[in-house]
Amino acid sequence: MRSWSIPLGRLFGIEIRVHLTFFFLLVFVWSAEAATQNATAALRGLALVGIVFGSVVLHELGHALVARGSGVPAKGIILLPIGGITILDEAHAAPDPVNAWKRDIRIAAAGPVVNLVLAGFSALILASTMPNVSLMAKPLLYSGALLRSLVWANLYLGLFNLLPAYPMDGGRVLRALFSRRDDMVRATHRAVRIGHVFSILMIMVGMLISSRAETRWDGYWLMMIGFFLFAGAQLEERSTVFHSVLQSVRLEEVMLTDFATLSPADTLEDALEKAVHSLQDDFPVVRGSDMVGVISRQRILDALRADGNGYVQAVMNKIFDVSVRHDSLSSAFRKLTARNSSIIPVVEDQRLVGIVTLQNLMHSMALLAESRKLQRDEAES
Ligand SMILES: [Zn+2]
């Protein structure tokens, strides 16, 4: 997602990015209006896009600010043609297991509430300042009636996002309600299944109405949104499983207990020789029963290339984090990324009992996710 978006700036300290596909929408509107050969119309068309764009930003800011107020930092907002996404930094959320579901409902509802309030306000302003302009005139969204469009764009955004179709906001509220009794993985799974029903319905209705000329484009839009929703639900479920695995798995379940170690007195050539005969990319360096450092195969190679043969002692990394058996995988991941290292020794009473490396984490994550899925399917059948 991130790589296809460009930064626009910051609002309230939250980074706003635009996904490149958003520009398709601009081109689409511009060319539709430019067909009328009228510069003012084309400008008004862009103003209409600006209204939709601004409403989406305010919607996402609603999520982001309420999240931040509830102790979940927001990393940023990405704007897409069919809406926006607020990326929350759940790894750094303040822990609140008891009322987490209430917090999640507040965060999810904040976006649609912003739009509904905006729609209400602009409808009031319109009714009081321009009583001769009809709110119900067709087309509802029209570049020739910008204030009316502001009302309808926000009403549409608010209501559409409240559909109980995960990963839409309504679906998130539903998931939060499920999570009162179920764990997050099961709650997400249930919300995703309801979301899938909605997205398939949207695709089917879209197919039906796209066969008629006057509703062809509505049909295409509906099919596209249904497709995005279906794929989005799938992705979100996977990431939820991933996070819950990270949190619930103890290092002793995944650490390597059969591994090669190096001694600080080994020469780099000896070390390379050992590395060749092992599958490991990273090695703990041990003197007697003490952990004294860590070193990677790459570091050994680099040092050999740069300075010729020497001792492990001189090139090993002496600053490293250690973990204990009962630490969670997510804490291990944090330590790995914080130090930008790829190995964590697991110690018990100062004694090395295992290692966790990035390489072995990637392997075990896939296996664990699979085995949890099997357990879950079993529990359901
Ligand atoms: Zn939203």
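Analyst: Start with L329. Leaving out residues up to four places away in sequence, L329 touches V245, L246, V249, L251, V254, L361, M365 and L368; contact means heavy atoms within 4.5 Å. This is a predicted model, where local features need pLDDT of at least 70, side-chain atom pairs count only at pLDDT 80 or more, and totals for chains, interfaces and linings use all residues. Residues are numbered from 1 along each chain as its sequence is written, and side-chain values use heavy atoms, without hydrogens and water.

Now the core. L329 and L361 have the most contacts inside the largest nonpolar core, which has 19 residues. Such a core is a set of buried Ala, Val, Leu, Ile, Met, Phe, Trp, Tyr and Cys residues joined through side-chain atoms within 4.5 Å. Buried means under 20% relative accessible area (1.4 Å probe, protein chains only). Elements giving two or more residues to this core include α7 (216–248), α12 (329–339) and α13 (358–380). Helices here are DSSP runs of H or I with at least four residues, numbered from the N terminus. α12 gives the most, with 4 residues.

Next, the helix pair. α7 and α12 pack with their axes 5 Å apart, at an angle of about 95 degrees. Axes are lines fitted to C-alpha atoms over the stretch in contact, and angles run from 0 to 180 degrees between N-to-C directions. The two helices α7 and α12 are therefore roughly perpendicular, a label for 65 to 115 degrees. F242, V245, L246 and Q247 of α7 meet L329, S330 and F333 of α12.

How values were computed
Buried < 20%, exposed > 50% of the residue type's maximum accessible area, 1.4 Å probe, protein only. Parallel < 35°, antiparallel > 145°, perpendicular 65-115°, else oblique.
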